[in-house]
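Please read the following report alongside the sequence and the coordinates.

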Amino acid sequence: MPASTVNEIPFRDQMETPLVGRAPRLLLLGSGELGREIAIEAIRLGAEVIAADRYAGAPAMHVAHRHHVLAMTDASALRQLVETERPDAIVPEIEQIATDELVHLEAEGWHVIPRAEAARATMDRERIRRLAAETAGVPTSKYGFADDEEGARREMKRLGLPCLVKAITSSSGHGMTVVRAPAELGAAYREASEHGRIVNPRVMLEEFVPFDAEVTVLTLRHYDPAGQIRTTTLDPIAHLRPGVLYHESWQPAAISPSVAGQLSHVAQAVTDRLGGLGIFGVECFVRGDRVLFSEVSPRPHDTGLVTLGSQWNSEFALHARSILGLPYSGPELTVPAAAHVIAGVSTGGNPTYGGLSSALGMPGVRLFLFGKPESYPDRRLGVAVARGSTITEARQRAEFAAHAVEREVGVGRTLAPGRESPDAPRRPIARWDARRY
Ligand SMILES: Nc1ncnc2c1ncn2[C@@H]1O[C@H](COP(=O)(O)OP(=O)(O)OP(=O)(O)O)[C@@H](O)[C@H]1O
Ligand SMILES: [Mg+2]
């Protein structure tokens with residue numbers, strides 16, 4: 001649907017009170033740690049927040065006014081939820097949602113953040129890559145698509161080695177493999193086609209980029225005080241992934257003015273095509289003085305957890321403000337800060353944490369423990385965010401605090417077989433290329 005035919009969330013100057021009146025109502029589809037921060041910020045602005053997820057006790061449910069447990073990939077359950085709660089904005093927080101139903105709901109006049117089509121396009125690597133490279137015309141790595149192993153082999157020869165094989169619909173590296181030798185292609189094809197978020201014979205292949213830095217450009221589409229929609233790009237965030245999962249990020253990233261200019265150009269060009277209101281996380285690679293677009297989240301980004309320390313308005317505060325139709329005028333000032341993930345080690349219920357006094361004894365540190373009811377290895381259970389007088393100091397503080405807690409994480413209860421959270425990965429999360437750093 002062309003962006004212009006969708007009604008925008010109206011510019012807002014007044015509001016009523018939650019529960020007793022008709023305050024603006026946000027329905028979070030996905031209630032993880034990012035959703036929890038969005039909920040807190042929206043409630044601070046006087047909104048009514050409804051949290052939905054596929055398991056009870058999800059982080060945003062701890063703070064929302066109401067919550068619902070449902071399979072968000074079930075189109076009729078999703079529709080029923082929307083028709084019951086009648087939200088002013090439907091706010092996807094994860095990718096695994098019945099996005100086709102979001103498109104129907106939007107056509108009936110419901111507001112989907114940032115747009116139903118953006119939610120649908122960004123969960124499909126082919127759509128978003130073609131939109132960025134072929135419609136918006138931004139630079140990307142070389143890429144191709146294939147519907148079977150033979151086709152994948154042809155694309156591998158065209159792109160050269162090493163290359164990556166990725167599932168069309170996935171996140172957190174599910175179904176992704178780096179292929180370094182032709183003999184590895186068959187297994188990589190099967191991994192991508194069978195172990196993405198959905199089984200799909202079509203896969204994406206991508207040239208491997210030996211990047212110098214990986215950055216996220218948080219990009220906000222928002223009303224200005226005069227009621228005009230503007231785009232503001234925030235200071236780039238750098239991040240490191242020792243494995244395939246987000247582990248550490250910091251802001252600002254050390255980049256040259258020329259790279260900064262290219263990053264904002266790429267972010268603006270891609271988000272212009274997606275439209276709507278709210279935060280986008282535009283993921284890019286930097287190699288020398290060149291920028292390549294990688295992918296984009298039409299919502300707050302994991303690596304943006306650092307903005308809980310680095311910005312006056314975090315990515316969550318900016319998202320909440322923008323999607324409530326409230327104005328913002330930047331610039332957003334940044335102080336050096338870093339975020340370091342606290343990951344689960346074992347499987348079980350009632351995750352337990354220790355090392356809190358060491359972590360919080362470190363100056364400049366804040367801890368965010370997500371309150372997830374279950375742990376499994378590598379599950380993100382919390383994050384330490386630290387400020388410092390330099391990025392190096394902030395990173396050291398955040399790492400010290402995260403590791404102090406992580407050394408002591410455990411579980412208070414073992415789970416009966418088959419009782420694991422629906423969030424648990426169906427197979428171990430791939431660990432590839434951990435030696436790159
Ligand atoms: N072409 C590439 N060259 C080198 N490294 C890559 C390439 N594509 C992806 N990576 C690495 O793999 C990580 C995950 O890739 P990508 O963002 O495409 O997958 P994802 O499943 O969407 O992960 P997430 O949900 O964590 O963003 C990237 O952040 C980057 O570190
Ligand atoms: Mg990514």
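Predicted model: local features only at pLDDT ≥ 70, side-chain atom pairs only at ≥ 80, totals over all residues.

The protein chain as a whole is divided into domain 1 (3–122), domain 2 (142–208) and domain 3 (213–413). Taken over C-alpha atoms, the centres of domain 1 and domain 2 are separated by 33 Å.

Strand β11 (residues 237–240) includes Ile237. Is Ile237 buried or exposed? Ile237 counts as buried because 29 C-beta neighbours lie inside 10 Å, where the cut-off for a buried residue is 20 or more. When residues up to four places away in sequence are left out, Ile237 touches Val215, Thr216 and Leu218, then Ser249, Trp250, Gln251 and Ala253, and finally Thr303, Gly304 and Val306. A further relation across the sequence is that with Ala337, which is 100 residues from Ile237 along the chain, while the C-alpha atoms of the two are separated by 9.9 Å.

The remaining topic is helix packing. Two packed helices are described by the angle between their axes together with the distance between those axes, and the table sets out these values for two pairs.

| Helix pair | Angle between axes | Distance between axes |
|---|---|---|
| α2 (residues 75–85) and α3 (residues 99–107) | about 40° | 9 Å |
| α6 (residues 149–159) and α7 (residues 185–194) | about 120° | 10 Å |

Helix α2 passes α3 in a right-handed crossing. On the α2 side the contact is made by Ala75, Leu78, Arg79 and Val82, and on the α3 side by Asp100, Glu101 and Leu105. By class, this contact of α2 with α3 has four nonpolar and three charged residues, with no polar residue.

Helix α6 likewise passes α7 in a right-handed crossing. Here the contact is formed by Glu149, Ala152, Arg153 and Met156 from α6, which meet Leu185, Gly186 and Tyr189 from α7. Sorted by class, the contact of α6 with α7 comprises four nonpolar residues, one polar residue and two charged residues.

Definitions and conventions
Residues numbered from 1 in each chain as written. Chains lettered and ligands numbered in written order. Axes fitted to C-alpha atoms, helices over the stretch in contact; angles between N-to-C directions. Helix = DSSP H or I, 4+ residues; strand = E, 2+ residues; numbered from the N terminus. Left-handed = near helix turned anticlockwise from the far one by under 90°. Contact = placed C-beta atoms within 7 Å. Nonpolar A, V, L, I, M, F, W, Y, C, P; charged D, E, K, R; others polar. Buried ≥ 20, exposed ≤ 12 C-beta atoms within 10 Å, placed from the backbone. Domains from an automatic or database assignment.
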